[in-house]
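Subject: Structure handover

Hello,

Here is the structure I promised to pass on. My notes follow below it.

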Amino acid sequence: MRTPTLAAEAPATDAAPAVLLRALPARPPALTGEFTKDRAAVTAYLDTTMRLIADLPSRTERDLDQQRDAAAAHDGAHTLRHRFLATHAERVYAELTDGLTRTPRLDELTALAARHFPGLVPTPAQLADDARHMQRNKEGWEIAVGIFFQAVLSAPTAGNHLLRSMLRPTPRARAALLDYQLTGHADLGIATVTRRDGIAHLELCNDEFLNAEDDAAVEALETGCDLVLLDPASHVGVLRGAAQTHPAHAGRRVFSAGINLTHLYHGDISLLGFLLRREAGYIAKFVRGLYLDDATGGSGDHWWPDADKPWIGAVDAFAIGGGLQILPVMDRVVAADDAWFSLPAMEEGLVPGVSNLRLLHPAGSRLTRRLVFWGHKLSAGDPEASFLVDETAPADTMDSAVERAAQHLDHPAVGANRRMLNLVEEPADLFRRYLARYAYEQARLLHSPALITTLERTWINRGRGGSR
């Protein structure tokens with residue numbers, strides 16, 4: 001039996017894949033610090049390892065030896081990825097973007113990395129295949145994606161360039177812009193945007209799941225956010241949940257039930273399309289606006305958005321999990337006086353987005369820990385909820401309260417002031433470094449046994465799953 005050495009060579013043997021995994025070198029190749037040599041050695045090892053893992057039976061059909069071999073192979077590959085990218089991330093990113101002249105988004109960059117550096121990240125086909133499985137049955141290729149983005153975002157030049165690329169309008173928004181400008185309305189399926197007297201109302205309409213978010217919701221909300229920011233006639237944005245038909249909330253608006261746990265249980269929540277895109281996409285655009293300049297120079301805070309506008313969060317009923325995560329970036333939050341808030345990060349088994357960064361300053365360390373670790377529930381009228389809510393109103397007067405707030409923010413001096421506030425409150429470099437670590441931690445948690453156990457328990461307790 002020969003030891004696989006080249007990424008392009010599939011092992012020519014009839015031996016069981018689990019045995020072949022043991023045929024890999026006991027230790028991954030040592031790095032020399034020279035990019036070309038390290039690249040050849042690392043991609044050969046990683047690509048061969050991934051091919052061997054892929055040749056194993058599915059996770060549910062592996063025997064104990066195969067499970068151990070696969071786990072050991074994954075661990076060795078992840079260690080090698082960390083080491084290689086810690087040394088060469090800037091060089092890798094420069095190649096993938098043609099010297100920073102291209103602006104790929106997260107999924108495009110991942111596909112380019114899989115093609116240029118085989119084995120460094122999973123291919124789109126591998127990610128698509130894994131996406132067809134229940135969360136508990138996935139191979140966990142996304143962990144390699146998390147390692148990749150941790151390294152890219154940790155590298156200042158690469159990370160800042162990537163985050164600017166993510167602030168560009170999506171192709172879907174550019175295609176829908178003219179119709180929105182002409183009609184003042186855009187139906188994005190799971191969300192709508194409607195402009196009235198210069199105020200653009202972006203509403204999430206995921207009625208089946210009480211406005212819980214999933215990959216489709218992130219796509220729609222980012223498109224809607226782009227339309228508001230691109231349209232000169234839209235001066236202020238309002239984010240709000242649409243009215244529901246659910247028996248418990250029939251006819252009433254609901255802001256957000258957070259992450260869609262039903263979809264997470266079934267494996268339909270992705271690292272790229274939801275967990276990373278949400279933070280680097282529409283929520284980042286709420287904070288910084290759109291980046292439209294074709295020039296690629298500049299780094300850190302030495303670049304400014306080309307289209308940013310004030311935003312109001314209008315909270316009806318409740319803002320759970322991801323819904324609460326959005327509120328700190330809003331310029332004003334108006335809540336119904338019976339609305340409530342919670343951040344059940346421990347219960348979900350995930351990191352609550354960028355909340356750990358954005359809540360510490362206004363809420364303080366103790367309250368933030370109660371929210372994150374203990375799922376502490378806040379009511380809109382609670383004194384300690386003042387770090388989230390600027391104004392409360394009876395549920396039947398929310399429309400007029402939101403309108404008054406929007407008219408107040410429709411002022412020429414608002415833009416400059418919010419940019420200066422954001423410069424101090426959330427410097428771009430701080431956000432980049434937080435998101436770098438978040439990419440890895442969230443990917444690891446997404447495929448952890450603890451998360452699977454939590455999902456299974458939640459599913460059993462609710463009979464058919466749920467959303468939060």
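A residue counts as buried when its relative accessible area is under 20%. Keep that cut-off in mind for what follows. Note too that this is a predicted model.

Start with strand β3, residues 199–204. Six of its six residues are buried. Ile199, His201 and Glu203 point one way from β3. Ala200, Leu202 and Leu204 point the other way. Side chains in a regular strand alternate between the two faces of the sheet. In β3, both sets are buried.

Next, the neighbours of β3. Strand β2 (residues 191–196) runs antiparallel to β3, and six bridges join the two. Arg195 stands opposite Ala200 in β3. The charged end of Arg195 also sits over the ring of Tyr180, 5.2 Å from the ring centre. β2 and β3 form a hairpin with two residues between them. In that turn, Asp197 has a positive phi of about 55 degrees.

Strand β4 (residues 236–241) pairs with β3 in the parallel sense, over six bridges. Leu202 has Leu239 in β4 as its bridge partner. From β3 the chain crosses through helix α9 (residues 215–230) to β4. This β-α-β crossover is right-handed.

Seven strands form an open sheet in the order β1-β2-β3-β4-β5-β7-β10, with mixed pairing. β1 (185–187) and β10 (391–393) stand at the edges. Each has a single partner strand, so one side of each is left without a neighbour in the sheet. From one strand to the next, the twist averages 20 degrees.

Two helices to look at against this sheet:

- α9 lies across β1, β2, β3, β4 and β5 (311–315). It runs at about 180 degrees to β3.
- Helix α18 (residues 398–409) packs on the sheet and touches β3, β4, β5, β7 (332–336) and β10. The direction of α18 makes about 170 degrees with that of β7.

Then the aromatics. How many aromatic pairs does a search of the whole structure find? Eight. One of them is Phe318 with Trp340, a tilted pair at 5.4 Å centre to centre, with 45 degrees between the planes. Phe318 lies in strand β6 (residues 318–320) and Trp340 in strand β8 (residues 340–342), so the pair ties together parts that are 22 residues apart in sequence. Trp340 is partly exposed, with a relative accessible area of 24%.

Phe35, Phe84 and Phe117 form one aromatic cluster. Phe117 has a charge over its ring as well: the charged end of Arg39 sits there, 4.0 Å from the ring centre.

Last, Leu275. Leu275 is placed in helix α11 (residues 271–280). Its relative accessible area is 5%, so Leu275 is buried. Which residues does Leu275 touch, not counting those up to four places away in sequence? They are Ser270, Tyr438, Gln442 and Leu446. Leu275 and Gln442 are 167 residues apart in sequence, yet 7.8 Å apart in space, C-alpha to C-alpha.

Over to you.

Best wishes

Definitions and conventions: Residues numbered from 1 in each chain as written. Predicted model: local features only at pLDDT ≥ 70, side-chain atom pairs only at ≥ 80, totals over all residues. Heavy atoms only, no water. Buried < 20%, exposed > 50% of the residue type's maximum accessible area, 1.4 Å probe, protein only. Helix = DSSP H or I, 4+ residues; strand = E, 2+ residues; numbered from the N terminus. Pairing = 2+ DSSP bridges. Right-handed = clockwise from strand over helix to strand, strands pointing away. Contact = heavy atoms within 4.5 Å. Phe/Tyr/Trp six-rings, centres within 6.5 Å; stacked < 30°, edge-to-face > 60°. Lys NZ or Arg CZ within 6 Å of the ring centre and 35° of its normal. Axes fitted to C-alpha atoms, helices over the stretch in contact; angles between N-to-C directions.
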